[in-house]
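Please keep the structure open beside them while you read.

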Amino acid sequence: MTATIDMAHLFETWSVLTILSITILVIQLLAVWSAIHALKHVRSSQAVVAWVVGLLTLPFVTLPLYWIFARHRFAGYREAIREIGQRHQRSVTAIRHELSTERDEQSTSLHSPLEQVADVLDTPISYGNELGLLINGDSFFEELYQQIASAKHYVYAAFYILRDDPVGRRFADTLIETAKKGVTVRLMYDEVGCIRLPNAYLKRLSDAGVDVRSFNTRQGFINRFQINFRNHRKLLVVDGNRAMVGGLNIGEEYRGDAKWVSHWRDTAILIKGGVARKIQAVFAGDYYWAARTDLPEADWTQHHEPEASGTKNLEGAVAICATGPADPRPRATMMFVAAINEAKMRAWISTPYLVPDDSLMVALAMAKARGVDVRFLIPSMADQWAVHLAGFYYEQELREFDIPVYRYNEGMMHQKCVLVDDNLVLIGSTNFDNRSLYLNFELMVAVGDPAFVAEAKQMLENDFAQSTLSNASQKPLRPWLSRVGTGVARLFSPVL
């Protein structure tokens with residue numbers, strides 16, 4: 001009897017060990033296969049080394065992390081638009097017309113930085129638009145509420161973060177009141193950015209007739225691991241002829257009213273004119289992905305737009321720079337590099353996160369070598385500690401190129417703004433970090449209008465006046481824990 005029990009126990013132990021051995025072998029084989037995959041597909045050499053070493057030495061930990069965080073191509077987005085196009089050919093044709101340059105009609109007389117950026121991204125320039133600079137939360141939110149309330153036919157809104165706080169509730173109230181007037185109201189949000197948003201907030205909007213959609217990156221079996229991608233765009237379109245784009249989300253902190261921040265420095269742009277249809281086209285593409293349906297009420301009428309008639313006529317000239325992980329090329333990096341390469345006098349960059357890739361570092365160094373006034377403006381305080389700490393490393397890297405980095409002293413600096421000479425300004429949602437460059441869906445507005453560029457220049461001069469030069473010396477960070485944190489953050493900068 002005892003022998004029988006011992007044999008049964010021995011067989012059970014052998015079975016467990018066999019299963020465990022097979023499991024270990026399978027994981028190791030998957031890790032080797034993933035390492036080979038990383039060698040072929042990971043975008044930077046530093047990231048390749050990090051992933052391959054991790055996969056081969058710590059496969060149990062690194063394998064799931066690799067398939068969640070190492071992906072830099074968003075699957076299914078373009079296929080979804082093609083699928084919708086089979087049922088809604090008119091709308092998809094309109095989107096392609098709005099967002100793609102027709103080379104035979106493109107003016108090449110200006111040779112401006114705006115035109116160079118538009119050419120690199122293959123995006124058209126729209127002329128004759130009315131432009132307004134919205135500095136900080138008060139001007140942004142008052143304009144936002146006013147534009148929504150004035151809608152006659154439809155409102156499209158997309159934000160990365162929505163808060164259920166006084167600002168978020170007023171935003172919801174404005175959408176609901178507009179929907180009750182018979183206006184079509186559609187709202188899109190990012191499910192990761194809104195992870196803390198109560199379902200009751202969304203249900204209240206839906207019950208009042210607002211079409212609410214999450215961007216939902218994980219649609220379909222093949223996309224189940226697409227949790228590292230975000231729709232980081234912030235935009236509003238009203239009736240196809242007015243739009244707002246910027247860096248502000250919906251919440252108290254964006255007015256500087258949150259407990260942890262006394263002042264929130266941010267910027268947006270109000271646009272009236274033909275370029276609003278191009279921003280509408282960006283929303284439509286995202287909406288197709290989220291809802292798998294058309295925007296039947298959208299106005300795609302091609303109104304007459306002024307054309308550039310000479311080297312000085314850039315009045316109201318705007319190009320839309322929509323970038324994301326579904327792009328076949330790194331268009332966000334291309335946008336910034338093209339702008340920096342055009343600089344002859346100045347390249348001023350304001351960004352909350354300073355984690356540039358190698359291409360941007362080379363472009364910045366080359367601009368400085370040409371005698372360009374290259375400088376950065378970043379926050380003194382942090383809302384994302386990992387990228388904030390990594391920024392200290394790149395501060396010192398930029399110091400080696402004699403490029404100054406200033407830290408804003410009056411609160412949280414969150415604006416995304418690039419000024420090139422007196423000819424171009426970029427404003428929108430794209431940060432100078434790997435997440436914005438490769439993993440997020442982003443939207444920037446490139447403006448060549450001289451009066452608007454001058455206004456943006458004055459705005460940045462005021463910001464620099466409220467900032468302190470941060471990388472004038474090689475003095476190490478104190479305390480030592482900050483130095484350790486900076487090193488670790490820099491190590492993970494390719495996936496931040």
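1. Helices (H or I, at least four residues) and strands (E, at least two) are DSSP runs here, numbered from the N terminus. On that count the protein has 16 helices and 19 strands. Bear in mind that this is a predicted model, where local features need pLDDT of at least 70, side-chain atom pairs count only at pLDDT 80 or more, and totals for chains, interfaces and linings use all residues. Residues are numbered from 1 along each chain as its sequence is written, and side-chain values use heavy atoms, with hydrogens and water left out.

2. Now the overall picture. Of the 496 residues in the protein, 56% are buried (under 20% relative accessible area; exposed is over 50%, partly exposed is in between, with a 1.4 Å probe and protein chains only). Taking contacts (heavy atoms within 4.5 Å) with a separation of 6 or more, 80% are between residues 24 or more positions apart.

3. Next, the aromatics. Searching the whole structure gives 15 aromatic pairs; rings of Phe, Tyr and Trp (its six-membered ring) pair if their centres lie within 6.5 Å, and planes under 30 degrees apart count as stacked, over 60 as edge-to-face and the rest as tilted. Take phenylalanine 159 and phenylalanine 171: the ring centres are 5.7 Å apart and the planes sit at 85 degrees, so this pair is edge-to-face. The pair links distant parts of the chain, with phenylalanine 159 in strand 3 (residues 154-159) and phenylalanine 171 in helix 8 (residues 166-180), 12 residues apart. Phenylalanine 159 counts as buried at 2% relative accessibility, and phenylalanine 171 is buried too, at 0%. Elsewhere, Tyr154, Tyr156, Phe283 and Tyr287 make up one aromatic cluster.

4. Arginine 292 lies over the face of tryptophan 289, 4.8 Å from the ring centre. Arginine 407 does likewise with phenylalanine 392, at 4.3 Å from the ring centre.

5. Arginine 407 turns up again among the contacts of glutamate 395. Glutamate 395 lies in helix 13 and is buried, with a relative accessible area of 2%. Not counting residues up to four places away in sequence, glutamate 395 touches Leu354, Ile378, Val405, Arg407, Ser470 and Asn471.

6. How do helix 11 and helix 12 cross? The axes of helix 11 (residues 331-341) and helix 12 (residues 358-369) come within 9 Å and cross at roughly 5 degrees. Axes here are lines fitted to C-alpha atoms, for helices over the stretch in contact, and angles run from 0 to 180 degrees between N-to-C directions. The two helices are therefore roughly parallel (under 35 degrees; over 145 is roughly antiparallel, 65 to 115 roughly perpendicular and the rest oblique).

7. Staying with that packing, Thr333, Phe336, Val337, Ile340 and Asn341 in helix 11 meet Ser359, Leu360, Ala363, Leu364 and Ala367 in helix 12. The contact residues divide into seven nonpolar, three polar and no charged (Ala, Val, Leu, Ile, Met, Phe, Trp, Tyr, Cys and Pro count as nonpolar, Asp, Glu, Lys and Arg as charged, and the others, Gly among them, as polar). Nine of the 11 residues of helix 11 are buried, so helix 11 is largely enclosed by the rest of the structure. Among the buried ones are Arg331, Met335 and Phe336.

8. Some loop residues to check. Arginine 163, between strand 3 and helix 8, is partly exposed at 27% relative accessibility. The C-alpha atoms of arginine 163 and glycine 251 are separated by 4.9 Å, although the two are 88 residues apart along the chain.

9. Finally, the backbone. Aspartate 122, in the loop between helix 6 (113-121) and strand 1 (125-126), has phi near 55 degrees, a positive value in a residue other than glycine. Aspartate 239 also has a positive phi, of about 60 degrees, and is not a glycine. Aspartate 122 is partly exposed, at 27%, whereas aspartate 239 is buried, at 8%.

Terms used: A charge sits over a ring if NZ of Lys or CZ of Arg is within 6 Å of the ring centre and within 35 degrees of the ring normal.
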